[in-house]
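Here is a short briefing to read with the model open beside you. We will go through a few side-chain contacts, topic by topic.

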Amino acid sequence: MSTRNLWSRRRLLGGLGLGIGALTLPSLFPRGVHAEAPGPVKRLLVLMTEHGTVYQNWCMRPGGLGDNMDWEVPLADLAESDFSEILRPLHAVRDQLLVLDGLGMATGHMTGINEHEEGHATALTGSLAQPVDGGIALASGPSIDQIVAAAISDPGQINSLQVSHGSWPYAFDNGGKSLPWLNDPFELYAKLFPNGPDDPNNQPTDLDHIRSKQTAVVELVRQQYSSLAPKLGKEDRLKVEQHRDLLHALGEQLQHLANLTCEVPQMPDQQPAWEDPQYYFARAKVYATLTAVALGCDITRVAMLGYSGLRNEHVGAPPGDLHNDFAHQASTDPTAMQVMTAYHKIHAGDFKQILDALAAIPAEDGTLLDNTVVVWANELCTGEHSMNQWPVVLAGGKKFFKTGRYVRWAQSNVIKATWSDENQGPPHNKLLVSLAHSMGVDIDQVGEAEVTLK
């Protein structure tokens, strides 16, 4: 191997931090704390939105700080007018924020397929997208939410929630298979609170009687599977045992929900029809509220919200397709820039709505927000499908992360990509490892260990 190739590989591994050097992003932690922290955070909530961002209206450069060096500034010192237009709705909660500017999605440039598919498959997995003929790409490994859920969920809890208006898949199991979304508010409520709200004046209904028998029925079927398994061949026995174990987990979950001691909310009101402009906002509020309650009641410790469905009338767009006619030109065309800035500003409001819901719930040592790491991220960096300067905002999790800061990394790595080379900062795999550590998960790699540098 030539000296040049040896140098490139060493530079690569050092940049990723998965073979040489730091495994995480030390600048996210309080001074003097790196991979170790005072104690793990108890919950993880991820908000995923689409179409990258309008970077020039998302980023902040207080005091004229430049792009060619690493730096950070405290957010407490910034007035509302100092915040970028897209992030301005978050000014009131700036002490809870950790704004990350400059991470690169290096693994999103490697397969040569549509960047949307690469992005959704790699955003939370750090792995390479796997093309699917006639379908949406899969990942090569698990997403960070599933890694965390496997480590911190207790028997009887819902392992993780995936809730959406209807979006790209972002949650992937160990085999890289996408996990389905829950996209109906009433199905979400029924999953979380199968017995409905507590009301001593209510008379039991037929549905209540059926629900009361669910656990016993599940246990009976599980016992039947256990009796049947020894009589079968190896392959059939394995399938039956898998079903038996799934039923056991379901039985524990039903029992856990039946014994719920926290206050159960009322069922959501009737939702607006899809044609109604309030369809999006009504569901966003229900999803934020029910997810916060689910985390607060310890029904689950890991959740993901996939927000999509904003329409032209929401963002003041003229006739046209938000994706093709506006997102793809958001960095160059003034009208497209205005439209997509309004688009992402709405999502900043969605993020604040979630933070407010968590902050309103008391928890150990403060509020539920203090005990939850909340991540707002995207499947792309910009609407033009770039993979550098990934727009990420963390919030909460004060036990582990030093919040109230804006952190910027210079674009010092040159990624050898399928379509064109791209300057990037630290790979986002490091952030995924940092998130795992914040949950007490002791791993040193999420996704790929290397990509090609120029």
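Is Arg 301 buried or exposed? At 16% relative accessibility, Arg 301 counts as buried, where buried means under 20% relative accessible area, exposed means over 50%, and partly exposed lies in between (1.4 Å probe, protein chains only). Please keep in mind that this is a predicted model, in which local features need pLDDT of at least 70, side-chain atom pairs count only at pLDDT 80 or more, and totals for chains, interfaces and linings use all residues. Residues are numbered from 1 along each chain as its sequence is written, and side-chain values use heavy atoms, with hydrogens and water left out.

**Salt bridges around Arg 301**

- A salt bridge here is a side-chain nitrogen of Lys or Arg within 4 Å of a carboxyl oxygen of Asp or Glu, and by this rule the count comes to nine.
- Arg 301 forms one of these with Asp 154, with the closest N and O atoms 3.0 Å apart.
- Asp 154 lies in the loop between helix 4 (144–152) and strand 4 (161–164), and Arg 301 in the loop between helix 8 (278–296) and strand 5 (302–306), so this pair ties together parts that are 147 residues apart in sequence.
- Helices (H or I, at least four residues) and strands (E, at least two) are DSSP runs, numbered from the N terminus.
- Asp 154 is partly exposed, at 40% relative accessible area.
- Arg 301 also meets Asp 298 in a salt bridge (2.9 Å, N to O), and Asp 298 is partly exposed at 21%.

**A salt-bridge network**

- Salt bridges link Arg 61, Asp 67, Asp 101 and Arg 408 in a network.
- Within it, the side chains of Asp 101 and Arg 61 come together at 2.8 Å, N to O.
- Asp 101 belongs to strand 3 (residues 97–101), while Arg 61 is in the loop between helix 2 (55–58) and strand 2; the pair links distant parts of the chain, 40 residues apart.
- Asp 101 is buried at 0% relative accessibility, whereas Arg 61 is partly exposed at 22%.

**Aromatic pairs**

- Rings of Phe, Tyr and Trp (its six-membered ring) pair if their centres lie within 6.5 Å; planes under 30 degrees apart count as stacked, over 60 as edge-to-face and the rest as tilted.
- That rule gives eight aromatic pairs.
- One of them is Trp 71 with Tyr 406, which is stacked, with 5.6 Å centre to centre and 10° between the planes.
- Trp 71 lies in strand 2 (residues 71–74) and Tyr 406 in strand 10 (residues 405–408), so the pair ties together parts that are 335 residues apart in sequence.
- Phe 400 and Phe 401 pair edge-to-face, at 5.2 Å centre to centre and 80° between the planes.
- Phe 400 is buried at 2% relative accessibility, and Phe 401 is buried at 3%.
- Tyr 280, Phe 281 and Tyr 307 are joined into a cluster by ring pairs.

**A charge over a ring**

- The charged end of Arg 311 sits over the ring of Trp 274, 4.7 Å from its centre; the rule asks for NZ of Lys or CZ of Arg within 6 Å of the ring centre and within 35 degrees of the ring normal.

**Asp 444**

- Look for Asp 444 in the segment after helix 12 (429–438), where Asp 444 is partly exposed at 44% relative accessible area.
- Asp 444 and Leu 432 are twelve residues apart in sequence and 9.8 Å apart in space, C-alpha to C-alpha.
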